[in-house]
Amino acid sequence: MAIALDATSSSANQTATSVTFAHTCTGSNLALVIGISSASSVSRLVSTITYNGVSLTKITAVDETTNHNRIIELWYLLAPATGANNIVVTYVTAPDSFYSVAAVSYTGVKQSAQPDASGTNTTGAGTATSIAQSITTVADNCWIMGVSCNQANGTSNTADAGSFLRLGVYERVAGARELWQLDSNGAKTPAGSYSQGYSWTTATKATLIVASIAPAVSSATHRGFFGFMG
């Protein structure tokens with residue numbers, strides 16, 4: 001079964017200890033992936049995320065409060081409920097100035113042993129005009145997705161080959177998109193090393209998390225010469 005895009009949603013605001021917004025899932029073998037960026041001068045991570053009251057699992061976080069004043073996180077939930085349901089993000093404490101959340105659901109995803117692989121990157125200094133991260137997928141036909149934050153205020157972002165800027169979310173003011181949800185916009189096969197990334201025009205700092213999700217295994221049986229086999 002092939003992975004396919006299901007739906008996207010997002011939210012952004014100034015300081016708050018929690019945020020609630022709706023996301024609609026449809027189809028089968030679903031996975032919900034949520035990326036978050038928080039602006040903070042100290043480590044203040046997300047406490048919990050739920051969808052329809054069910055808790056998501058954090059893949060990883062990148063804490064760049066020393067050089068970047070940003071924390072980004074990537075979370076997921078397998079088999080989210082179908083229909084329109086609320087995503088609720090609760091912070092340990094409110095971000096200093098703003099947050100943004102991007103949610104993307106996919107169909108055709110294996111319902112166990114996810115993510116397939118993951119990795120992180122950060123530019124550190126404020127002189128970068130691009131960021132990318134490679135991971136080595138385990139299963140054939142994975143999709144790769146990620147979350148990234150930069151401070152270029154949405155200036156001429158361009159996806160790398162094999163990457164797709166799925167969703168941009170403003171953080172401080174409308175139009176200043178600094179959180180980006182990426183994916184490969186298609187299956188990566190055979191299993192191996194693949195990269196996700198993008199570039200921009202105004203030099204700044206950036207952070208990036210990428211992860212791969214494996215497709216659902218077909219339940220079709222194989223017919224041999226003497227009937228059904230395996």
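# A tour of an all-strand model

Of the 230 residues in the protein, 49% are buried. Keep in mind that this is a predicted model.

**Stop 1: the whole chain**

Show the protein as a cartoon. How many helices and strands are there? The protein has 0 helices and 19 strands. The protein exposes about 9500 Å². Carbon and sulfur atoms supply 51% of that area.

Next, think about contacts between residues at least 6 apart in sequence. Of these, 80% join residues at least 24 apart.

**Stop 2: the five-stranded sheet**

Select strands S1, S9, S3, S7 and S6. These 5 strands form an open sheet, in the order S1-S9-S3-S7-S6. The pairing is antiparallel. Which strands sit at the edges? They are S1, residues 4–13, and S6, residues 57–64. Each of these edge strands pairs on one side only. From one strand to the next, the twist averages 10°.

Zoom in on S3 and S7. Strand S3 covers residues 31–39, and strand S7 covers residues 70–78. The two run antiparallel and are joined by 9 bridges. Pick Ser38 and look across to S7: its bridge partner there is Ile71.

**Stop 3: Ala12**

Now select Ala12. You will find Ala12 in strand S1. Is Ala12 buried or exposed? Its relative accessible area is 16%, so Ala12 counts as buried, the cut-off being under 20%.

Show the neighbours. Leaving out residues up to four places away in sequence, Ala12 touches Tyr99, Ser100, Val169 and Tyr170. Ala12 and Phe98 are 86 residues apart along the chain, yet their C-alpha atoms are separated by 7.6 Å.

**Stop 4: aromatic pairs**

Display the aromatic side chains. A search of the whole structure finds 3 aromatic pairs. Two of the rings to select belong to Tyr91 and Tyr99. Their centres are 5.8 Å apart, with 50° between the planes, and the pair is tilted. Both Tyr91 and Tyr99 are buried.

Move on to Tyr198 and Trp200. What is the arrangement of their rings? The ring centres are 5.1 Å apart and the planes meet at 50°, so this pair is tilted. Tyr198 and Trp200 are both buried.

**Stop 5**

In strand S16, Tyr198 is the bridge partner of Ala159. Select S11, S16 and S13 to see the sheet around this bridge. These 3 strands form an open sheet in the order S11-S16-S13, with antiparallel pairing. The edge strands are S11, residues 128–136, and S13, residues 158–159. Each of the two pairs on one side only. S16 runs over residues 193–204, and S13 and S16 pair in the antiparallel sense over 2 bridges.

**Stop 6: the cysteines**

Select Cys25 and Cys142. Cys25 has a relative accessible area of 1%, so Cys25 is buried. Cys142 is buried too, at 0%. How many disulfides does the structure hold? The count is 0.

**Stop 7: two cis peptide bonds**

Go to Pro115. Pro115 is in the loop between strand S9, residues 99–107, and strand S10, residues 117–122. Look at the peptide bond from Gln114 to Pro115. This bond is cis, with omega near -5°.

Then find Pro190. Pro190 lies in the loop between strand S15, residues 177–183, and S16. The peptide bond joining Thr189 and Pro190 is cis, and omega is about 0°.

**Stop 8: two positive phi angles**

Finish with two backbone angles. Select Asn29, in the loop between strand S2, residues 18–25, and S3. Its phi is near 50°, a positive value in a residue other than glycine. Asn29 is partly exposed, at 26% relative accessibility.

Last, select Ala79. Where is Ala79? Ala79 lies in the loop between S7 and strand S8, residues 83–91. Ala79 is not a glycine, but its phi is positive, about 55°. Its relative accessibility is 53%, so Ala79 counts as exposed.

Methods:
Residues are numbered from 1 along each chain as its sequence is written. This is a predicted model: local features need pLDDT of at least 70, side-chain atom pairs count only at pLDDT 80 or more; totals for chains, interfaces and linings use all residues. Side-chain values use heavy atoms; hydrogens and water are left out. Two strands pair if DSSP finds at least two bridges between them. Helices (H or I, at least four residues) and strands (E, at least two) are DSSP runs, numbered from the N terminus. Rings of Phe, Tyr and Trp (its six-membered ring) pair if their centres lie within 6.5 Å; planes under 30 degrees apart count as stacked, over 60 as edge-to-face and the rest as tilted. Buried means under 20% relative accessible area, exposed over 50%, partly exposed in between (1.4 Å probe, protein chains only). Axes are lines fitted to C-alpha atoms, for helices over the stretch in contact, and angles run from 0 to 180 degrees between N-to-C directions. Contact means heavy atoms within 4.5 Å. Accessible areas come from the Shrake-Rupley method with a 1.4 Å probe; for residues, only the protein chains shown count as cover. A disulfide is a pair of cysteine sulfur atoms within 2.5 Å.
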